[in-house]
Amino acid sequence: MDPSRKLTSAVFAGCLVILAAGCSTTDELEELEITLTGLQFEDSTLLETVLVANVRVINPNPDAFEFEGASFKLILDDRKVGTGLAPEPFSVDGLGTTLVDVTFHIKTATAVFRIVDVLKDQREVTYGIRGSLFVTTKYGRKKLKVDKMGRLDLENLEVPQSIEPPPTIS
């Protein structure tokens, strides 16, 4: 084989290796998780209740995320009863968590009627938060969807009758 043909074959083989490496898939991102950690009622009228929810955002990925904000829907018995917004930027470290305050506006009448329907007809209710976290990458703005749903057994729900204050240390 002549030297120019060997060079052409080597260049061609090198291009194939580079092309194959460029086409290899990278690991997909794991879905972010959210959990509700606390609620504080801010204001309530006949038509609307405003509450601030502490939402923990869990990042099971090794890379950190810088978010521009978030938008959520509060779900009760598979129906939206309110909308929550977190307009301030926040970040989540890789393999880390952060707490975000989300202000929810709940349609009071809708929520009350939904609760009444659930209590009279069902012994279990679904609840949850669905939404999107907004992140800007070098490819533009992306929406990362989150969905946390659960079920609450109303028959076996234990509600404390009284809460004892913690003991004081002297």
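Visitor: What makes the approach of the T126 side chain to the backbone nitrogen of D78 a polar contact?

Guide: In this predicted model, where local features need pLDDT of at least 70, side-chain atom pairs count only at pLDDT 80 or more, and totals for chains, interfaces and linings use all residues, the T126 side chain reaches that nitrogen at 3.1 Å. A polar contact is a pair of N or O atoms within 3.5 Å, one able to donate a hydrogen and the other to accept it within protein, with residues adjacent in sequence counting only if both atoms are side-chain atoms, so the 3.1 Å pair qualifies. Residues are numbered from 1 along each chain as its sequence is written, and side-chain values use heavy atoms, with hydrogens and water left out.

Visitor: Why is T126 called buried?

Guide: Buried means under 20% relative accessible area, exposed over 50% and partly exposed in between (1.4 Å probe, protein chains only); T126 has 10%, and is therefore buried.

Visitor: Why is A53 called buried?

Guide: The relative accessible area of A53 is 0%, so A53 is buried. Its contacts (heavy atoms within 4.5 Å), not counting residues up to four places away in sequence, include L36, L39, V100 and F104.

Visitor: Which residues touch the most other members of the largest nonpolar core?

Guide: Such a core is a set of buried Ala, Val, Leu, Ile, Met, Phe, Trp, Tyr and Cys residues joined through side-chain atoms within 4.5 Å; among its 26 residues here, F67, F72, F90, F104 and L133 touch the most other members.
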